[in-house]
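Let's take a friendly walk through the charged pairs of a protein model. Have a look at the sequence and the structure first, and then we can go through them together.

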Amino acid sequence: MPLEQRSGDDQAALLARFAAGDRRAAEALTELIAPRILRFAARMLGDLTEAEDVTQEAMLRLWRMAPDWQEGAAQPATWVYRVAANLCTDRLRRRRKTLHEMPELPDPSPSQHAQMMQAARAQALESALAHLPERQRQAVILRHLEGMSNPDIAAIMMLGVEAVESLTARGKRNLSAILAGDREALGYDDDH
Amino acid sequence: MLFLDAARDTPPELSASLRKRILADAVACTEAPPRPQMKAMGWRDWFSGWAAPGFAGGVTVAVVGFWIGVTMPMPVMALDAPEWLQGALGYLDLVAVQLIGVDDPLLMEF
């Protein structure tokens, strides 16, 4: 079974095996959870180095929690997402507010045009995400970039499902407004 | 939203060094000494720490109290208020007489 498809029970079983001293279980959990946490943290913070620190800290807390993990509690991945979200919030509060400028568009050569445009679009989105209120940003990242379900996001953000739906809708609307002026420059026509 | 598609297509990857750091933390956690477990207290445990001195103090106080109460040793019989306390009581008498007209504020029926 691919790691990404392991259920919460599988994750809990892996965690129990790790708590019993099985290091291979730690490797499996790392492959399963850490990349997702890194993606989430990188998009929340807009800084890969800080995101790596958050990922390491969140996983460390999972290792420490392993002996006390209770059956029937939240999925380990959900729990780590929640820890990472809190760590990101702490860092965002500490961080001095900086202005996120839109990236300079590259001067494309025909052979690299598509690839560079794709990178520029991704960069534009990252910049726009930084302008969203923190909770909206969390919800949009988890829903639209991580592809998580609303109940899972609700568990991570400790909210009701309706509140998550509202946050993601408002977040996406705000993103559209922020990016509206860049659509043409980034190669999107009016139909998208 | 195509911007979201573009961002999904270019996710940050878990680097080898970060994976190594995470697994090193995991190994360190498994090698940490086990936390002390709570166990039921045996009778010896009741006399560990401050229990034995406390118990001995209680016994001593009880014995001395019994001895004082029953035998009334001489030093206690001879005990009397010191001079400074006599002076204080006399001053209290003077004040009480002025205020309430009673010459026996402690109701000792002199």
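Does Arg39(A) count as buried or exposed? Arg39(A) has a relative accessibility of 19%, and because buried means under 20%, this residue counts as buried. Keep in mind as you read that the model is predicted.

Now look for the partner of this arginine. The side chain of Arg39(A) meets that of Glu146(A) in a salt bridge, with 3.2 Å from N to O. This pair links distant parts of the chain: Arg39(A) sits in helix H2 (residues 23-45) of chain A, while Glu146(A) is in the loop between helix H6 (134-145) and helix H7 (150-157), 107 residues apart. Glu146(A) is buried too, at a relative accessible area of 13%.

Helix H2 of chain A also carries Arg43(A), which pairs with Glu126(A) in helix H5 (residues 113-130), 83 residues apart. Arg43(A) is buried, with a relative accessible area of 4%, whereas Glu126(A) is partly exposed at 23%.

Next, turn to a pair that involves chain B. Asp53(A) lies in helix H3 (residues 48-65) of chain A and Arg21(B) in helix H2 (residues 16-31) of chain B, so this pair joins two chains. Asp53(A) is partly exposed, with a relative accessible area of 33%, and Arg21(B) is partly exposed at 27%.

Back in chain A, salt bridges that share partners join Arg39(A), Arg43(A), Glu126(A) and Glu146(A) into one network. Over all chains, the structure holds 10 salt bridges.

Technical notes: Residues numbered from 1 in each chain as written. Chains lettered and ligands numbered in written order. Predicted model: local features only at pLDDT ≥ 70, side-chain atom pairs only at ≥ 80, totals over all residues. Heavy atoms only, no water. Salt bridge = Lys/Arg side-chain N within 4 Å of Asp/Glu carboxyl O. Helix = DSSP H or I, 4+ residues; strand = E, 2+ residues; numbered from the N terminus. Buried < 20%, exposed > 50% of the residue type's maximum accessible area, 1.4 Å probe, protein only.
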